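Here is a short walk through the charged pairs of a protein model. Keep the sequence and the 3D view at hand.

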There are 2 protein chains.
Amino acid sequence: MEPPHLLLPLDRTAPAPLQVQLYEALRQAILAGRFPAGFRLPATRTLSADLGVGRNTVIAAYEQLAAEGYVDARTGAGTEVAALPPDRLLAAGPGDRRAANLPSATTLSKRGASLAGLRAPPPVPGMAAFQPGLPAVELFPHTLWADLMAKAARRPLAPSLGYDEPTGEPALRRAIAAYLAAARGVNADEDQVIIVSGAQAGLDLTARLLLDPGDGIIVEDPGYLGARAAFLGSGANLIPVPADADGINLDLAPLAAAPRLIYVTPSHQYPTGATMSAARRLTLLDRAAQWGALVIEDDYDSEYRYRGRPLPALQGMDRDGRVIYLGTFSKTMVPGIRAGYLIVPRALAEKFRLALRVTGHFVPPAIQGALTRFLEDGHFARHVRRMRLRYQDRQEIMVGSLQKHAGGMLLARPADAGMQLAVPADTRDDQALARRIIAAGINARPLSVYSLGPGVMRGLHLGYAGVPERLIGPLVKRLCQAALQRGN
Amino acid sequence: MEPPHLLLPLDRTAPAPLQVQLYEALRQAILAGRFPAGFRLPATRTLSADLGVGRNTVIAAYEQLAAEGYVDARTGAGTEVAALPPDRLLAAGPGDRRAANLPSATTLSKRGASLAGLRAPPPVPGMAAFQPGLPAVELFPHTLWADLMAKAARRPLAPSLGYDEPTGEPALRRAIAAYLAAARGVNADEDQVIIVSGAQAGLDLTARLLLDPGDGIIVEDPGYLGARAAFLGSGANLIPVPADADGINLDLAPLAAAPRLIYVTPSHQYPTGATMSAARRLTLLDRAAQWGALVIEDDYDSEYRYRGRPLPALQGMDRDGRVIYLGTFSKTMVPGIRAGYLIVPRALAEKFRLALRVTGHFVPPAIQGALTRFLEDGHFARHVRRMRLRYQDRQEIMVGSLQKHAGGMLLARPADAGMQLAVPADTRDDQALARRIIAAGINARPLSVYSLGPGVMRGLHLGYAGVPERLIGPLVKRLCQAALQRGN
């Protein structure tokens with residue numbers, strides 16, 4: 001089988017070398033079925049003369065086609081198009097791509113769908129007010145941080161750049177253990193510290209290593225969405241247990257089987273802000289022991305306490321290695337750091353390390369190096385102290401402004417701690433309330449998104465830490481105007 | 001109930017404030033059961049006089065205890081120790097911690113255990129030779145990179161610092177789409193690009209969003225360990241299918257049910273180095289369509305091809321949006337960058353974005369900003385070009401040294417591409433062989449770790465890209481001495 005003539009579009013002014021153009025033209029012709037299996041390509045000498053290109057150009061293009069299996073080049077027998085399955089694909093032109101039916105393969109897994117379905121309202125782009133969890137990005141010492149990071153990046157540590165130490169740089173783990181011992185009463189040595197890329201990464205790792213599909217995990221109700229996402233992502237069964245002004249009440253746990261894990265925010269319940277009482281803490285540890293369960297203590301913003309001193313961590317009260325402690329630098333520094341830490345019981349430390357060797361989600365060494373200096377040189381403690389004062393001011397302005405402008409619809413009261421307020425609202429539909437505010441360009445999260453069981457809280461979760469003092473009043477005013485727009 | 005006298009150890013020279021010391025001493029006494037429930041603490045005035053401290057100090061300590069629920073402070077009725085469960089915990093002193101039996105809770109989940117159990121031999125710390133996958137860290141422009149990162153960190157982009165764009169900075173996604181279109185024939189717009197913290201993170205995310213426990217995934221045999229880890233981590237069933245000199249051979253797939261996913265390394269099979277032939281590529285896409293399966297194309301080191309030009313990606317041949325393409329900057333730059341990318345089919349892009357909003361594992365904005373400049377300003381293309389020449393030199397030296405020193409035990413041959421050699425060995429126990437070499441302080445991975453089915457390859461997987469030219473000869477000599485130590 002020989003073609004009448006070979007029309008191959010070569011463009012001598014194009015940047016691509018002629019051999020690449022020739023290869024591509026032949027390949028497209030083969031794929032489109034114009035040169036079927038068994039079709040014999042012209043001899044290199046012939047084609048070179050026909051096209052007016054060097055013979056080496058043709059040879060290179062043929063060799064590339066042969067290397068990829070489009071043609072068979074047998075010495076002496078010339079170059080033939082290989083037998084390529086299937087005709088359907090060969091005939092389909094690039095234009096069919098968009099028209100083709102999308103395969104059912106693109107439905108997510110059940111797990112994936114549960115993750116994609118967990119929607120909090122999307123944040124208003126570029127607007128810090130009043131997104132819960134955002135710290136004061138404008139007060140962070142970005143220049144100092146940039147210098148520390150550049151210094152660390154200029155002198156990379158080991159040739160492996162991180163693969164050697166899947167749980168993090170030893171110096172950073174030591175600095176974190178020392179900080180947590182002093183500030184939070186956490187009892188751990190550096191081998192128990194695991195550097196992770198943020199609180200969410202810590203939750204995901206813990207869920208993946210400890211939960212099998214169908215395992216039960218107790219979560220607070222209302223409770224933190226990110227944690228729920230991590231546990232759902234592992235295929236676990238969420239067991240919501242009501243949290244009140246003293247934290248989670250395990251007497252209300254509706255348990256058929258013992259849970260595998262218990263997830264709590266004892267210092268500052270998310271989102272209510274409650275502190276777990278000592279009685280509840282002891283009950284929690286006791287029940288965990290009875291059940292053979294582990295406890296995840298998410299201590300996400302304990303540094304920001306305005307009245308009393310920060311409560312010691314549950315981890316420090318733990319007598320038999322049941323508590324996994326989780327903290328993050330996203331709130332004490334800025335979210336862009338993408339770093340946090342797990343403190344795991346001694347009996348789990350080596351197992352986590354082995355698993356991390358294969359999953360390998362470590363924090364960039366430049367960031368670990370900069371963090372080590374930031375902690376060791378006292379910048380961290382200084383920044384947290386400064387922020388504590390500023391956030392207290394911001395909270396006062398926020399509460400005052402809400403009390404002034406909300407006309408009784410939003411019941412703002414001062415909170416002892418944290419970076420956001422859970423503000424009960426006089427409405428049956430806090431989702432609609434939040435949508436009105438978001439439509440006015442201000443972030444507001446409905447409290448009801450945090451509830452799983454029947455006792456749904458209604459109101460707004462409003463972050464104030466990330467909003468400069470002078471902007472809070474005007475923005476709260478705008479928020480309240482939107483909130484009051486259509487009664488409720 | 002009143003105590004005879006209250007012995008509380010306060011140290012006026014200690015750095016901790018007296019109120020904190022007092023709080024801590026009372027708390028310990030309560031937890032140790034020395035002050036049982038109902039025990040009435042002395043009036044603040046009395047204790048202040050007894051201890052010689054200010055009354056406000058005592059009030060602050062009592063308030064803290066009350067806030068945490070250790071005591072009940074009723075106006076007029078004094079301050080009583082609260083009823084605290086359970087006696088067992090109260091009586092346990094801190095000394096018991098290590099003696100306590102470790103709970104069965106600290107066994108990993110099945111998934112977690114399978115991850116922790118997937119052991120490649122641990123790398124020799126600080127030794128780049130001959131760890132597969134390590135690039136030439138010493139040739140990377142660390143100073144330039146540090147400057148780009150510092151510049152990006154000094155001017156943080158948005159107040160949310162990343163939360164707004166869970167799939168990555170738009171400018172970086174555009175730069176990656178443009179690079180892949182030119183270099184790899186990848187057909188995608190920026191909305192299909194998802195920035196992830198490395199190839200492993202990309203595999204984990206894909207597995208989590210697309211695999212339910214029990215779903216089947218076809219993997220190459222032999223094949224990449226990190227991918228297996230990600231799929232096992234999702235509870236999927238691995239279906240190993242033999243890969244030969246033309247890549248995976250799906251005619252040998254032992255399928256009871258259609259798989260959900262197919263994971264392949266078509267440009268450069270891991271670890272054999274084979275290029276998947278065009279026929280196999282078309283068969284693969286065809287079978288995927290028949291099965292309703294998606295394909296993961298892991299293009300981990302396609303930039304390093306020394307003969308012929310890099311083969312176009314499978315993704316560019318895909319007519320109906322079945323291919324998820326995965327790439328990484330860990331091999332083209334340095335692993336410490338911790339960044340890679342997924343190109344997902346259009347029908348999946350929005351679903352991935354929604355799921356990422358809740359799982360939130362994004363790459364630090366400073367690194368994204370620096371990467372954008374590195375790509376846009378041509379540093380990336382320049383670095384890859386330089387490395388390609390150097391790695392080719394390094395491979396030649398490596399192959400020559402092995403042929404000179406291995407005495408026929410190791411059968412090194414030049415490879416067309418990549419950063420490591422799969423070197424067959426004349427041995428029945430390549431694990432023992434690798435252990436002898438590792439004992440001599442040099443990294444060597446047994447090829448048998450990559451095999452799942454019966455056709456086990458035996459030999460060594462040796463990375464050469466990360467080892468300076470002048471060191472390769474002497475290190476190979478040392479490796480061969482260790483390898484030949486006990487005959488075999």
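Is B:Glu376 buried or exposed, or partly exposed? With a relative accessible area of 44%, B:Glu376 is partly exposed, because buried means under 20% relative accessible area, exposed over 50%, and partly exposed in between (1.4 Å probe, protein chains only).

This is a predicted model: local features need pLDDT of at least 70, side-chain atom pairs count only at pLDDT 80 or more, and totals for chains, interfaces and linings use all residues. Residues are numbered from 1 along each chain as its sequence is written, chains are lettered from A and ligands numbered from 1 in the order written, and side-chain values use heavy atoms, without hydrogens and water.

B:Glu376 has a partner. Its salt bridge (a side-chain nitrogen of Lys or Arg within 4 Å of a carboxyl oxygen of Asp or Glu) is with B:Arg373, the closest N and O atoms being 3.1 Å apart. Both lie in helix H14 (residues 365-376) of chain B, 3 residues apart, about one turn of the helix. Helices (H or I, at least four residues) and strands (E, at least two) are DSSP runs, numbered from the N terminus. B:Arg373 is partly exposed too, at 35%.

Now turn to chain A. A:Glu469 and A:Arg394 form a salt bridge of 3.2 Å, N to O. A:Glu469 sits in helix H16 (residues 469-484) and A:Arg394 in helix H14 (residues 379-405), so the pair ties together parts 75 residues apart in sequence. Both A:Glu469 and A:Arg394 are buried.

Over all chains, the count is 32 salt bridges.
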